[in-house]
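Q: I have a chain open in the viewer and would like to talk through how it is put together. Can we go over it step by step?

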Amino acid sequence: MENLYLAYLGGRLSGGHIEMHDVRFVHGETIRATYGQLKQQWVGNKQGAHLDAYIRLHHIDGYQITLSTEPSPGPWLYFVNFGGYHAQQLAELHQFFVVVAESPENAKQRAWQKLQHNRSIPWLQAHLDDLKQVDDCFAISLIDSPYYIHLNFQGAHLSQSQPLQPDWYGFEKL
């Protein structure tokens with residue numbers, strides 16, 4: 001059975017001074033089965049590409065996530081990224097959300113509501129324009145794949161999303 005994974009990748013970009021990071025959405029029976037996809041999708045130097053963390057996405061906003069070779073009629077799964085700052089951290093901090101929505105505008109609104117309810121956000125100042133926009137918001141799709149993401153409403157017992165806590169984190173070279 002194919003699963004949907006959100007993978008947090010790290011590695012070097014040509015000319016960069018520090019390690020860079022990106023998120024990718026891939027499918028496979030296991031996370032290890034996705035390593036070829038992840039390495040191919042990494043935008044930097046392939047030899048240093050590595051997995052920092054991942055989560056298998058199985059239910060969001062009361063919808064069970066499945067994969068099918070047939071296109072989905074909607075709603076869609078969106079990834080939303082907020083950035084912010086903390087006085088004791090030099091680097092910008094990020095908070096990711098995955099939401100079910102009918103449009104990017106609706107996805108941003110739903111993620112903003114979740115952000116406001118999340119009391120564990122470590123930053124003190126939102127990123128430059130986050131009160132009006134988010135850093136990134138896009139409908140999740142599988143690149144170069146025969147699979148489409150389907151969302152099946154399951155009712156109240158899954159009404160809350162799974163926490164976006166990693167199933168694994170560390171360092172594993174792809």
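Q: Which residue in strand 3 does Leu-4 stand opposite?
A: Leu-4 stands opposite Leu-57. This is a predicted model, in which local features need pLDDT of at least 70 and side-chain atom pairs count only at pLDDT 80 or more, while totals for chains, interfaces and linings use all residues. Residues are numbered from 1 along each chain as its sequence is written, and side-chain values use heavy atoms, with hydrogens and water left out.

Q: How many bridges are there between strand 1 and strand 3?
A: Strand 1 and strand 3 pair over seven bridges, in the antiparallel sense; strands count as paired if DSSP finds at least two bridges between them. Strand 3 also pairs with strand 11 (residues 168-173), again antiparallel, over four bridges, and there Tyr-54 has Trp-168 as its bridge partner.

Q: Is strand 3 mostly covered or exposed?
A: Mostly covered, since seven of its eight residues are buried, where buried means under 20% relative accessible area, exposed means over 50%, and partly exposed lies in between (1.4 Å probe, protein chains only).

Q: Stepping back, how many helices and strands does the chain have?
A: The protein chain has two helices and eleven strands, taken as DSSP runs numbered from the N terminus (helices are H or I with at least four residues, strands are E with at least two). Of the 174 residues in the chain, 41% are buried.

Q: What is the strand order in the open sheet of three?
A: The order is 4-5-10, with antiparallel pairing, and strand 4 (59-60) and strand 10 (148-153) are the edges, each pairing on one side only. Six bridges join strand 5 (residues 63-68) to strand 10, and Leu-67 has Ile-149 of strand 10 as its bridge partner.

Q: And what is Ile-149 in contact with?
A: Leaving aside neighbours within four places in sequence, Ile-149 is in contact (heavy atoms within 4.5 Å) with residues including Leu-4, Ile-65, Leu-67, Leu-77 and Leu-142.

Q: Which residues touch the most other members of the largest nonpolar core?
A: Those are Leu-4, Phe-25, Leu-77 and Ile-149, in a core of 18 residues. A nonpolar core here is a set of buried Ala, Val, Leu, Ile, Met, Phe, Trp, Tyr and Cys residues joined through side-chain atoms within 4.5 Å. Strand 5 supplies the largest share of this core, three residues. Apart from it lies another core of twelve residues, among them Tyr-5, Leu-9, Val-26 and Ala-49.

Q: Changing topic, where is Val-43, and is it buried or exposed?
A: Val-43 is found in the loop between helix 1 (35-41) and strand 3, and it is exposed, with a relative accessible area of 57%. Beyond its neighbours within four places in sequence, Val-43 is in contact with Leu-13 and Arg-24. The C-alpha atoms of Val-43 and Gly-11 are separated by 9.0 Å, although these residues are 32 apart along the chain.

Q: Last one: which strand gives the most to the lining of the largest pocket?
A: Strand 7 does, with five residues. The lining divides into 15 nonpolar, ten polar and six charged residues, counting Ala, Val, Leu, Ile, Met, Phe, Trp, Tyr, Cys and Pro as nonpolar, Asp, Glu, Lys and Arg as charged, and the others, Gly among them, as polar. On a 1 Å grid over the protein atoms alone, a pocket is an open set of points where a 1.4 Å probe fits, with protein on both sides within 12 Å along at least five of seven lines, and lining residues have an atom within 4 Å of a point.
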